[in-house]
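Here is a friendly briefing to read alongside the structure. Start by opening the view below, then follow the topics one by one.

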Amino acid sequence: MSKSASRARLAEIIRKRSFGRGEITLASGRKSDFYFNLKPTMLDPEGAALLAELTYEALKDDRLDFVGGLEMGAVPLAGAIAQLSWLKGHPIAAFFVRKKPKEHGARLSVEGLAKDETLQGKRIVIVEDVTTTGGSALKAVEAVREAGGEVALVFTMVDREEGATETFAEAGLPFRALFTAGEFLKG
């Protein structure tokens with residue numbers, strides 16, 4: 001399937017499985033009359049494959065070592081992208097950042113690394129399912145930086161276009177999106 005056909009098909013899946021209208025309170029605390037819950041798309045076999053494919057294609061030239069982000073939205077994305085990157089012969093390892101470190105075991109905030117593995121000096125992309133203001137992704141950025149990683153980019157599947165671009169610009173972080181909310185609102 002061509003990139004444009006893959007993109008069109010993914011938009012169709014998102015529209016059917018993950019987009020809705022009706023009042024909702026967002027993670028940022030803002031109210032909205034539309035929402036995206038990307039989990040049904042991320043966990044759908046075709047949706048997961050298309051998200052991974054289009055994200056991998058968008059990131060493959062960025063010389064990345066790791067892909068990850070804040071739980072829960074980044075977990076299925078990072079795993080699918082990591083798997084596809086292996087199949088494409090250009091492995092990008094995955095991790096995720098806990099919202100709050102576990103109170104038992106190793107008490108890690110960054111999960112998925114082997115005991116001899118570190119983010120120190122590695123180029124990392126923070127992925128997110130849906131981005132509103134960018135606050136959630138910044139929590140992951142902070143954890144990665146504390147672990148010594150270099151955040152090369154923040155990449156979201158859907159940018160709600162409600163302040164994230166400005167938030168990341170102020171933080172000096174490149175930001176890209178697979179889709180914008182406007183693409184779903186005009187139809």
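**A sheet and the helices around it**

Strand β7 (residues 150-159) and β8 run parallel, joined by five bridges. Keep in mind that this is a predicted model. Within the pair, threonine 156 sits opposite alanine 177 of β8.

**The sheet**

- β7 and β8 belong to an open sheet of six strands, ordered β5-β4-β3-β6-β7-β8, and the pairing is mixed.
- The edges are held by β5 (110-111) and β8, each with a single partner strand, so one side of each has no neighbour in the sheet.
- Strands of a sheet pair through backbone hydrogen bonds, either parallel or antiparallel.

**A helix on the sheet**

- α3 packs on the sheet, where it touches β6 (123-131), β7 and β8.
- The direction of α3 makes about 140° with that of β7.

**Helix α1**

- α1 covers residues 3-17, which is 15 residues, and reaches 21 Å from its first C-alpha to its last, close to the 21 Å expected at 1.5 Å a residue.
- Which residues of α1 are buried? They are Ser6, Leu10, Ala11, Ile13 and Ile14.
- Viewed down the axis of α1, these buried residues fall within an arc of 165°, so they line one face of the helix.
- An α-helix has 3.6 residues a turn, so residues three or four places apart point the same way.
- Ser4 and Lys16 are exposed, on the face of α1 turned away from its buried side.

**What α1 packs against**

- Among the strands, the buried residues of α1 pack against β1 (19-25), β2 (31-36) and β8 (175-180).
- Their helix partners are α2 (39-42), α3 (45-59) and α7 (182-185).

Notes:
Residues are numbered from 1 along each chain as its sequence is written. This is a predicted model: local features need pLDDT of at least 70, side-chain atom pairs count only at pLDDT 80 or more; totals for chains, interfaces and linings use all residues. Side-chain values use heavy atoms; hydrogens and water are left out. Helices (H or I, at least four residues) and strands (E, at least two) are DSSP runs, numbered from the N terminus. The expected span of a helix is 1.5 Å times one less than its number of residues. Buried means under 20% relative accessible area, exposed over 50%, partly exposed in between (1.4 Å probe, protein chains only). The arc is that of the directions from the helix axis to the C-beta atoms. Contact means heavy atoms within 4.5 Å. Two strands pair if DSSP finds at least two bridges between them. Axes are lines fitted to C-alpha atoms, for helices over the stretch in contact, and angles run from 0 to 180 degrees between N-to-C directions.
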